[in-house]
Amino acid sequence: MIESAFPRQLHPYWPRLQEKTRLWLLKRQLMPAGKVQEYADGLCYTDLMAGFYVNAPDEVLQAIADYSAWFFIWDDRHDRDIVHGRAGDWRRLRNRLHTALDAPRHHLHHPDPLVAGFADSVLRLYGFLSHTWNQRFARHFHAVIEAYDREFRNRTEGYIPDVEEYLDLRRHTFAHWIWTDLLEPSAGCELPDRVRKYPAYRRAALLCQEFAAWYNDLCSLPKEIAGDEVHNLGISLITHEGLTLEEAVDEVRRRVEECILEFLDAEQEALLFAEAIDDGSVRGKELSTAVRASVCNMRNWFSSVYWFHHESGRYMVDSWDDRSTPPYVTNEAAGEK
C-alpha cells in the first residue's frame with residue numbers, strides 16, 4: 001500500500017546532510033567517535049528527515065536533521081536511565097532540558113553534551129521564524145519532556161497504560177506537534193492559527209503523525225518486548241484487551257492501514273482548503289503555497305517512515321548480540337566512565 005500510493009522522495013541535499021550531521025554528532029560529543037563511524041549512517045536518521053521535509057531550504061533541513069538525531073539519542077539516554085534505575089540522573093536531565101528550551105543560548109557550553117547539543121539545535125531552529133513560533137515550539141516540547149517523564153514513571157513502576165491513555169500519551173512522546181510545527185520553517189512561512197487549526201489541515205497533519213507513531217510501534221514491538229517495555233500500542237492491546245501477540249499485531253496493522261486510507265481523503269480536503277485561501281492577494285497566495293508545501297511533506301511522512309523502519313539498524317533486533325541492548329547506545333550516564 002505504501003510503495004504504490006506514496007512514491008519515495010529524498011531531498012537532494014541528503015548526501016551532504018548525512019556528512020554534516022555525522023560531524024555535528026562528533027563535535028557535540030553526542031556519540032563516541034567509534035559508534036558514529038560504525039553506526040551513524042546505518043541508523044538512517046538523516047534519511048528519515050531528508051524524506052520528510054523534501055522542499056525545505058538546506059539550512060532548515062540541516063537544523064531539523066541535527067535536532068532529530070539529538071532526539072533519538074535523548075530517547076536512548078531516557079531508555080538507559082530507566083533500564084539502569086538512574087532516576088536521579090533522569091530528573092536532573094529533565095529539569096535541564098526544560099531550562100535550556102527557554103534559554104538555549106545560556107546552555108551551549110553545558111557540561112552534559114546532551115543538554116548542550118539540545119541548546120544548539122533549538123537555538124538554530126529558533127532563528128527561522130518569529131518569536132511567536134518559537135514560543136509555540138517551546139510549549140509543545142515542554143509537553144514532550146513531561147510525557148517522557150510519565151513514561152519513565154510508568155516503566156519504572158511496570159505500569160502499562162490502557163489503549164486510550166496510551167494513544168494520548170503517545171502523541172506527546174512521538175512529538176506529533178513538534179514535527180508538524182517544523183513544516184512551517186520548511187515551507188518558509190509561519191501559518192496563522194486560522195490556517196494551522198483549520199479542520200482539514202489539522203486532520204491531515206494528525207493522521208500522518210498517527211501513522212508514523214503506530215507504524216513505529218508495529219516495527220519496534222520485538223525490540224520493546226525484549227526490553228520489557230510497557231509503552232507500545234501492541235503491548236496495551238495484549239494487556240488490556242486480552243489479545244494474543246498475533247492478534248495485537250493484526251490490530252495495529254489494521255489501524256495503520258486505516259490511517260493511510262483516511263489520510264488520502266484528508267489530503268484532498270486540505271488541498272481544496274489551500275485553493276480556497278488563495279484569494280488573489282499576496283498574503284493569500286503565500287499561505288496557499290505554504291499549505292500545499294506542508295501537505296506535500298505530510299504525504300512524505302508515509303514513505304519516509306516506511307523505508308526508515310525497514311532500513312535503519314535501530315530495528316534490526318535479530319542482528320544484536322543482546323536483543324534488549326542496542327549496540328549503538330552508550331550505557332554510561334553523563335559524566336560517568
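**Pocket and helix packing**

Me: What's the volume of the largest pocket?
Reply: This is a predicted model, and its largest pocket comes out at about 700 Å³.

Me: Which residues are closest to its centre?
Reply: That would be D75, R170, N216, E224 and R314, out of 43 residues that line the largest pocket.

Me: And which elements give two or more residues to that lining?
Reply: They're α4 (45-52), α5, α8 (131-157), α9 (163-173), α13 (199-226) and α16 (282-311).

Me: Which one gives the most?
Reply: α5 does, with 9 residues in the lining of the largest pocket.

Me: How do the lining residues divide into nonpolar, polar and charged?
Reply: The lining of the largest pocket has 19 nonpolar, 10 polar and 14 charged residues.

Me: OK, switching to helix packing. At what angle do α2 and α5 cross?
Reply: Roughly 50 degrees, with the axes of α2 (residues 14-27) and α5 (residues 58-83) coming within 10 Å.

Me: So what do you call that, oblique or roughly parallel?
Reply: Oblique, because roughly parallel would need an angle under 35 degrees.

Me: Left-handed or right-handed crossing?
Reply: Right-handed, as α2 passes α5.

Me: Which residues meet there?
Reply: From α2 you have R16, L17, K20, T21, W24 and L25. On the α5 side they meet L61, Q62, A65, D66, A69, W70 and I73.

Me: How many of those are nonpolar?
Reply: The contact of α2 with α5 has 8 nonpolar residues, along with 2 polar and 3 charged ones.

Notes
Residues numbered from 1 in each chain as written. Predicted model: local features only at pLDDT ≥ 70, side-chain atom pairs only at ≥ 80, totals over all residues. Heavy atoms only, no water. Axes fitted to C-alpha atoms, helices over the stretch in contact; angles between N-to-C directions. Helix = DSSP H or I, 4+ residues; strand = E, 2+ residues; numbered from the N terminus. Parallel < 35°, antiparallel > 145°, perpendicular 65-115°, else oblique. Left-handed = near helix turned anticlockwise from the far one by under 90°. Contact = heavy atoms within 4.5 Å. Nonpolar A, V, L, I, M, F, W, Y, C, P; charged D, E, K, R; others polar. 1 Å grid on protein atoms, 1.4 Å probe; cavity = no way out; pocket = protein on both sides within 12 Å on 5 of 7 lines; lining within 4 Å. Points joined across faces, edges and corners; volume = space filled by probe spheres on them.
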